[in-house]
Amino acid sequence: MDIKGTYHVPVLLKQSVDGLVTDPDGVYADATFGGGGHSREILSRLSPKGLLYGFDQDADARNNIPGDSRFTFVYGNFRYMRNFMRWYGHERLTGILADLGVSWHHFDDSSRGFSFRFDGPADMRMNQKEGLRAADVLNDYTEENLARLFRLYGELYNGRQLARAVVRYRTNRRIETVTGLVEAVRPEIGREREKKDLAKVFQAIRMEVNHEVDALREMLCSSVGLLEKGGRLVVITYHSIEDRMVKNLMKSGNIEGEVKTDFYGNREVPFRCIGKPVTPDAGEQADNPRSRSAKLRIAERV
Ligand SMILES: C[S@@+](CC[C@H](N)C(=O)[O-])C[C@H]1O[C@@H](n2cnc3c(N)ncnc32)[C@H](O)[C@@H]1O
C-alpha cells in the first residue's frame, strides 16, 4: 500500500463499527479521532438525530474534521472524556470507540520523532503544547527510572543494560535527536532483532512521554459510569500491556481484573463481553502491515 500523504488507514473498520453502533439515534464518542476513518464510518451509520464526539489530543487531527453537523471535534485528552461529555450535556453515551496508540501521520512525520526510520528531534509528544519531550526523559530520568520504563512499557528483558547505555552516552552529550537515541542504545541492541528491539525502545519512551497507561486507565474506568445500559465499549489495542488492561476491565470492571462479589457471592461485573477478540485477516494484514498487532475487543454495559 502506498502510504505517502495518507494521514492514517483505519484498522478493523467494519468489525469495530458493527460492534459499536447499536442505535442510529444514539450519542457516541470516538476517543481517538486521528484521520477520522472510524468517525466517518460511524457517521454513515447514524440517523440525522445521532451525534458523534471525536477526541484527539493532537492539533494536527483538526485538519481531518468532517463537515457534518452531527460531529463535534474535542481537542483534548480522552482521559477527561467524562468531564467533556458532561460539559456538552451528555451524562450517558450509547457507545465509545478507542483505536489506541499513534497514527501513521505520527510515524511518518520526521519532525515528531516517533520513528527510528528518519532523524528528527527526540520529541514524541502527541500533544505538542505540554509535557516532557522524549529528550527530557532521556536526559533527565535516573537510570532506575529508565530501566523501569524499558522493562515495563517496552517489555525489554535487558532494560537495565539499555538504561545504563543511555546514561553512559549522555555523560558526554545530550540526547536531543532520534539519531542520538539510536546511537545511545545501539550497543545493547542485537543485530538480528535490531528493528523489533528499536521499535520496543521507542514504544517505551512514547508511552512514558504521553502517559499512555494512566490515560487509558482513566478513560476505561470512566466508561463504566458513562455508558448507558446496553451501550458498547469497543477498543482496538496494539500491544499486550494495553490489551491486558482492556481485557481486565471488560471481564471484571476494573483494570486489576479482580471480580467483586456482593453479599451473596454473586459476581458484580458491569460488562458482558461480545464475542472473542478479533484480529485483522490476512488480506488486511497484507494491505496494511501496521495492522498486524491489532486486537479488537467489544463489551456491552449491563
Ligand atoms: C491509531 S490513531 C486513530 C486513528 C483513527 N481511528 C482513524 O481512523 O484515523 C490514534 C489517535 O489517537 C490520538 N490519541 C492517542 N492517545 C490519546 C489520548 N489520550 N487522548 C486523545 N487522543 C489520543 C492520537 O493523537 C492519534 O491521532
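This short talk goes through the surroundings of the ligand and then some of the salt bridges in the structure above.

Before I start, please keep in mind that this is a predicted model, in which local features need pLDDT of at least 70 and side-chain atom pairs count only at pLDDT 80 or more, while totals for chains, interfaces and linings use all residues. Residues are numbered from 1 along each chain as its sequence is written, and side-chain values use heavy atoms, with hydrogens and water left out.

Let me begin with the ligand. There are 24 residues around the ligand, and Gly35, His38, Asp56, Phe78 and Asp99 come nearest; a residue belongs to these surroundings if one of its heavy atoms lies within 4 Å of the molecule. That shell is made up of 8 nonpolar, 13 polar and 3 charged residues, where Ala, Val, Leu, Ile, Met, Phe, Trp, Tyr, Cys and Pro count as nonpolar, Asp, Glu, Lys and Arg as charged, and the others, Gly among them, as polar.

On the backbone side, a polar atom of Gly37 is 3.1 Å from an oxygen atom of the ligand. The ligand on its own has 610 Å² of accessible area, and the protein covers 98% of that, the areas coming from the Shrake-Rupley method with a 1.4 Å probe.

Now to the charged pairs. Side chains of opposite charge can pair when their charged atoms come close. The structure holds 28 salt bridges, each being a side-chain nitrogen of Lys or Arg within 4 Å of a carboxyl oxygen of Asp or Glu.

One of them joins Asp243 and Arg297, with 2.7 Å from N to O. Asp243 lies in helix α11 (residues 240-252) and Arg297 in strand β9 (residues 295-301), so this pair ties together parts that are 54 residues apart in sequence; helices (H or I, at least four residues) and strands (E, at least two) are DSSP runs, numbered from the N terminus.

Are these two residues buried or exposed? Asp243 is buried at 9% relative accessibility, and Arg297 is buried as well, at 12%, where buried means under 20% relative accessible area, exposed over 50%, and partly exposed in between, using a 1.4 Å probe and protein chains only.

Asp136 and Arg133 also form a salt bridge, with their closest N and O atoms 3.0 Å apart; here Asp136 is buried at 15%, whereas Arg133 is partly exposed at 25%.

How values were computed:
Polar contact = N/O pair within 3.5 Å; in protein donor to acceptor, adjacent residues only side chain to side chain.
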